[in-house]
There are 2 protein chains.
Amino acid sequence: MDTAERLIRSAQQLLWERGYVGTSPKAIQQLAEAGQGSMYHHFTGKQDLAFQAIRRNAEQLCSEADERLSTPGTFYERIAAYLLRERDVLRGCRVGRLAADPDVLASPVLRGLLDETFIWLNGRIEELLVEGRECGEFSEALVPSDVACAITAVVQGGYVLAMSAASPEPFERAARGALNLLTAYTT
Amino acid sequence: MDTAERLIRSAQQLLWERGYVGTSPKAIQQLAEAGQGSMYHHFTGKQDLAFQAIRRNAEQLCSEADERLSTPGTFYERIAAYLLRERDVLRGCRVGRLAADPDVLASPVLRGLLDETFIWLNGRIEELLVEGRECGEFSEALVPSDVACAITAVVQGGYVLAMSAASPEPFERAARGALNLLTAYTT
DNA sequence: GTCTATATAGTGATAGAC
DNA sequence: GTCTATCACTATATAGAC
């Protein structure tokens, strides 16, 4: 694996674990076993490297989510598969965590990566709800665009609660709670 | 207002806006118009001051939430009043934001403040759901402990989505989505 | 209680040799 | 492409005068 690749992967890991402000170029270099000079040869600076690392993390998140959401079964089951999938909850969300980072919020280009990710995720869930409603699995009273957003939010908020508690339990309860509510709209 | 109080309030504001890692003692001093010496006279260091500021922010959050949750009306209406209350969504949650901060997570005493806050908030919402179920407003199929957690998570996740989008809209949709789901369980 | 001076370490980047 | 040197700046404190 070449140096640029090692730098990106190290940045991916550290951004996930510590956010942008909490991650220094030096820490990335050490984890990647690369020198100062290497990093600034391959990337223009911290933000450039972070951009590529965050994009990579976002792609992986979308890919993993899509896997569960595309599972066979009813639409309810597919959403349940997504919400209840095994996760290392206490690592937090590799994308959502950055939404609390002042430097990310101040940078339209970095924040844009988060925005895109959630737009995609939300849209994907909304599709399932729309289809589920059309085929009669969900009640007509269900509002797909709002409920999709609520489901996405439950996951992100579940991480926040779990990190605060230093326990995966609040995440799991929130996920079960969302499904419990969704059940009421299944016919 | 005395110096210690000004320092605490300045810290409250900066911690809310920028998190713990993103807030330096110097920035707090400048906002409070206090000198280096003053701060270290009244507090043992950054963490001590932050602890008191976060506790204050947490108390205010609980107090404001309780106000809406204690409103007159049906239990559904009280939860709706909480979810739909006017907020400056793009400021984020003054407590939840810190759940992404590596230094806060590494400090049991700081993290404990977040944990306590969400335990209280969750418990308060669960009470309403339990009472609402007992009086027949909600279906017996509703699981209060899980749904309470989901509601708390929707709010926290709503902030994450809104900050990412630099728009309050995702928060509002998530809140409406949660209520849309809850409606299905009202009799 | 508040001030200024000082200290150690870290941050984010640039320069130029190899 | 990588290395070391250097830089200006900030972070988080401590010391001691006033």
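In this predicted model, 49 residues of chain B are in contact with 49 residues of chain A. The area buried between the two chains is about 3,800 Å², and carbon and sulfur atoms give 66% of this area.

Polar interactions also cross the interface of chain B and chain A: 12 residue pairs are in polar contact, both residues being at pLDDT 80 or more. On the side of chain B that touches chain A, helices H6 (102-106), H7 (108-134), H8 (144-165) and H9 (169-183) of chain B each give two or more residues. H8(B) supplies the largest share, 16 residues. By class, this side of chain B has 27 nonpolar, 12 polar and 10 charged residues.

Two salt bridges are found across the interface; A:Asp146 and B:Arg176 meet in a salt bridge with an N to O distance of 3.0 Å. Over all chains, the structure holds 16 salt bridges.

| Salt bridge | N to O distance |
|---|---|
| A:Arg56 and A:Glu5 | 3.1 Å |
| B:Glu5 and B:Arg56 | 3.1 Å |
| B:Glu64 and B:Arg85 | 3.1 Å |

In chain B, B:Glu5 in helix H1 (residues 3-18) and B:Arg56 in helix H4 (residues 46-69) are 51 residues apart. B:Glu5 is buried because its relative accessible area of 18% is under 20%, whereas B:Arg56 is partly exposed at 22%.

B:Glu64 forms a salt bridge with B:Arg85. This pair joins helix H4 of chain B to the loop between helices H5 (75-83) and H6 of chain B, across 21 residues. B:Glu64 is partly exposed, with a relative accessible area of 30%, while B:Arg85 is buried at 16%.

In chain A, a network of salt bridges links A:Glu5, A:Arg9 and A:Arg56.

Key
Residues numbered from 1 in each chain as written. Chains lettered and ligands numbered in written order. Predicted model: local features only at pLDDT ≥ 70, side-chain atom pairs only at ≥ 80, totals over all residues. Heavy atoms only, no water. Contact = heavy atoms within 4.5 Å. Buried area = accessible area lost by both parts, 1.4 Å probe. Salt bridge = Lys/Arg side-chain N within 4 Å of Asp/Glu carboxyl O. Polar contact = N/O pair within 3.5 Å; in protein donor to acceptor, adjacent residues only side chain to side chain. Helix = DSSP H or I, 4+ residues; strand = E, 2+ residues; numbered from the N terminus. Nonpolar A, V, L, I, M, F, W, Y, C, P; charged D, E, K, R; others polar. Buried < 20%, exposed > 50% of the residue type's maximum accessible area, 1.4 Å probe, protein only.
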